[in-house]
Amino acid sequence: TVPLPAGLGWALVFTPSLGAVARYFPARRALATGVVVSGASVSGLALGPLVPLLLDTYGWRGALLLLAAISFNLVAAGALLRPLPGHHESPGSPPRAGPDLVGLLRHGPFLRYALAFVLVDAGYYVPFVHGAARAHEVGCDQHRAGLVMAAMAAIDGGGRVAAGWLAARPASRLLRHLFAWAALTGLASLLLPLGTSFGGLLVLALVYGLCAGALVPLQFAGVAEVVGAGRLVHAIGLMQMFESFGSLLGPPFAGWLRDVTGDFIVSFLAAGAFLLAGSLLILTLPGFFRASRGAGGKEGSLAPAPGSPETPATAPE
């Protein structure tokens, strides 16, 4: 029963936080999102050695209490967030979640975008979940397998910030950056089976971690390109609900393939195929091949919500 309230709590924190950042920094949305989500990599690296230490010192009950105490700091962080009311919007105006969600469920480009990340997530987590087992498979001991995973997690955080910074450059549309990183992540997954030694696997894991990290901030910043900023929070939440199916199915499917074939080669190839399939769907989004780029509201995007502080048809990134 513990994972259910914990998962619900993290979901209720993650989506509004990303939506708030995207609304606060419309002109540098990708960079701001990249900086924010890089915190997940930092905390992952910190908790990796911390959790076993807490378990050995305080037992599982004490460790859970201490982790809960750390998580309660989110209450103070959330209290610092403030709404950005528009000229025709009062802070106490009623929410419009119902109409917004219905509109999103009938919005073709958004549904294709969400489906793209169902496919992407079906492959995305496979190297992170099964990477250590693959390292053992090619002869690495526990220390070297841990080093491969730690290196992949560390460069993942750097990739998130770097991709946000690159996407803030005006030379190319954000969706093109997103497609490129999704395709590169898929290709990196296809190449992972070539790492048959510690050194080779470490290099390929670093490449995968960089590309996979770069994909994360652009995924969330790209939502505004598809639906506009007025419905950004609703769209991010709905997209995450859809893509969770890919996240839940991908690693178990890869594990089943390993049981059937005897190694993880086909598992990583299948993960790469899912990632590439998702990247191809991004090519179908309206305005992908246009020369200029903006903050959102392209052809096929939803009209801005009444009173929205940002009209999704202006303001270049």
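This is a predicted model: local features need pLDDT of at least 70, side-chain atom pairs count only at pLDDT 80 or more; totals for chains, interfaces and linings use all residues.
**Figure 1. The chain as a whole.** Residues are numbered from 1 along each chain as its sequence is written, and side-chain values use heavy atoms, with hydrogens and water left out. The chain has eleven helices and zero strands; helices are DSSP runs of H or I with at least four residues, strands are runs of E with at least two, and both are numbered from the N terminus. Of the 317 residues, 43% are buried (under 20% relative accessible area, with a 1.4 Å probe and protein chains only).

**Figure 2. Helices H6 and H7.** The axes of H6 (residues 126–137) and H7 (residues 142–167) come within 8 Å and cross at roughly 150 degrees. Therefore H6 is roughly antiparallel to H7 (angles over 145 degrees, taken from 0 to 180 degrees between N-to-C directions of lines fitted to C-alpha atoms over the stretch in contact).

**Figure 3. Residues where H6 meets H7.** Pro 127, Phe 128, Gly 131, Ala 132, Ala 135 and His 136 in H6 meet Gln 142, Ala 145, Met 149, Met 152 and Asp 156 in H7.

**Figure 4. Two cysteines.** Cys 140 is buried, at 7% relative accessible area. Cys 211 is buried, with a relative accessibility of 7%. The structure holds zero disulfides (pairs of cysteine sulfur atoms within 2.5 Å).

Terms used: Angles under 35 degrees count as roughly parallel, over 145 as roughly antiparallel, 65 to 115 as roughly perpendicular and the rest as oblique. Contact means heavy atoms within 4.5 Å. Buried means under 20% relative accessible area, exposed over 50%, partly exposed in between (1.4 Å probe, protein chains only).
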